[in-house]
Amino acid sequence: MEKKTIVILGALEEFVPLVQRAAGQGIRAVVIDGNPGAPAKEEALRLGGSAYDADIRDAETVAAIICREHADAITTAYSDLLLECMVKIADLAHLPCHIKPAQLPWYRDKDVTNRTCEDLGIGTTKSVLLKKDFEDSALNGFAFPMIIKPLDMYGSRGLRIAGGIPEIRAAFASCLETSQRPEVLAEEYNDEYEFNMQCWVRKGTVRVLGIADREKTSHDPSEIPLSTRNIYPSRLIDKVYEPALDALSRYIARTGQTEGPLSMQFFWGPGKGFMVGEIAARYLGYEHELIEYTTGVSIEDILLAGAFDEDRLDALLDACDPFAANSAAVIYFHARDGIVSDISSALAIAARKDVQYGKIFYSKGDRIGSPQRMPYAARYYIIGGSREEIDARTEDILSQMAIRDAAGNDLLYPNRIGTYAL
């Protein structure tokens, strides 16, 4: 029997397991990305697949590659930009895809998401669309601080916090540096508990794979708090599961999504109740691994089964328990500008037996930059039999972690474990 061929958009480190899982199931992987020599490309070539250096935003070029390779399916994850490109490419190349280009605004335009939630009666952060020459009166009735963000934001790019209207005007241009749109979305800052949720839509029904606590640490009142730890399952999953599932079920009924990946970032608390932050038709990078660590079900296997094997997909979804008894977390470290001189403690933590995987993004002699050049200074994945075990291991890691300059100063911003008063 001739091997099936799947196109994978994206070739950075997080796509290597997807290439490996495909090969293990007798599926040939064609990896396409604009980064020459990226890890998933090298792995695809090693395992008998193909790799192409191509700009994924060039849909016609990628569609031509797909035709040349006689691909049967296409997939991606972890990035809004990758999702958007995949949807457009699949439509051009006549490959199956879980959403169509006409559905993209519901998942890519923050204002469309908010207005849709308002129309459906789903709680969402109060927001308004602003052009550069907006009138002060446009913000009547809004409470500061506010967050301003590009409508086509991805990877948290362009977010700014503002304590008043003058600050919004001052940050307007920098907010739009990575955007193709002339407007920003201004929304009230939500300081309730924050969560990430990952799902698969199957035959029009939302199947929940996991809900995580998304913890943040503030290092500067004028800056967005930094994401510092995500933990599955959420400590508050019993309280947020039903309202979150109800919100996503109503949302996809409006958008028409009947299959495929779905994720949501949301807030919940005793003061404001449930509120949607963002909804995306993809999986969340740097934490999809935590689904497998807690449930035993691989996101990569779900993506491949979604492309080729409906029976296996159903079995995987049935096996995935979002209320898993054990816990897993990813800890993120961010850093201020400086020249890295000593990463010995960071390396020692990566080598710990209770650390599943660690990655340090800077080497000795590197300049971190302002803002930091890499997504993080370091990140670590840990697994525990309980939430209490995860918290204890986190505290121990935080007490030992440092990245120092030549004067011995720690360049890392502090991390703090979240508190749960309920």
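**Close-up views of a predicted model**

**View 1. Asp318 on helix α11.** Asp318 is exposed, with a relative accessible area of 58%, where exposed means over 50%, buried under 20% and partly exposed in between (1.4 Å probe, protein chains only). Asp318 is found in helix α11; helices (H or I, at least four residues) are DSSP runs, numbered from the N terminus. Between Asp318 and Leu412 there are 94 residues in sequence and 41 Å in space, C-alpha to C-alpha. The model is predicted, so that local features need pLDDT of at least 70 and side-chain atom pairs count only at pLDDT 80 or more, whereas totals for chains, interfaces and linings use all residues. Residues are numbered from 1 along each chain as its sequence is written, and side-chain values use heavy atoms, with hydrogens and water left out.

**View 2. Helices α10 and α11.** Helix α10 (residues 299-308) packs against helix α11 (residues 310-319) at an angle of about 145°, with the axes 7 Å apart; axes are lines fitted to C-alpha atoms, for helices over the stretch in contact, and angles run from 0 to 180 degrees between N-to-C directions. In this pairing Asp301, Ile302, Ala305, Gly306 and Phe308 of α10 meet Glu310, Arg312, Leu313, Leu316 and Leu317 of α11, contact meaning heavy atoms within 4.5 Å. By class, the residues of this contact are six nonpolar, one polar and three charged, where Ala, Val, Leu, Ile, Met, Phe, Trp, Tyr, Cys and Pro count as nonpolar, Asp, Glu, Lys and Arg as charged, and the others, Gly among them, as polar.

**View 3. Leu9 in the largest nonpolar core.** Of the 121 residues in this core, Leu9 and Ile302 touch the most other members; a nonpolar core is a set of buried Ala, Val, Leu, Ile, Met, Phe, Trp, Tyr and Cys residues joined through side-chain atoms within 4.5 Å. Not counting residues up to four places away in sequence, the contacts of Leu9 include Phe15, Ile32, Ile56, Val62, Leu82 and Ile89. Apart from this core lies another, of 16 residues, among them Leu130, Phe134, Met146 and Leu176.

**View 4. Asp391 within helix α13.** Asp391 lies in helix α13, which spans residues 387-400, and counts as buried because its relative accessibility is 15%. Leaving aside residues up to four places away in sequence, Asp391 touches Arg229, Arg235 and Ile417.

How values were computed. Helix = DSSP H or I, 4+ residues; strand = E, 2+ residues; numbered from the N terminus.
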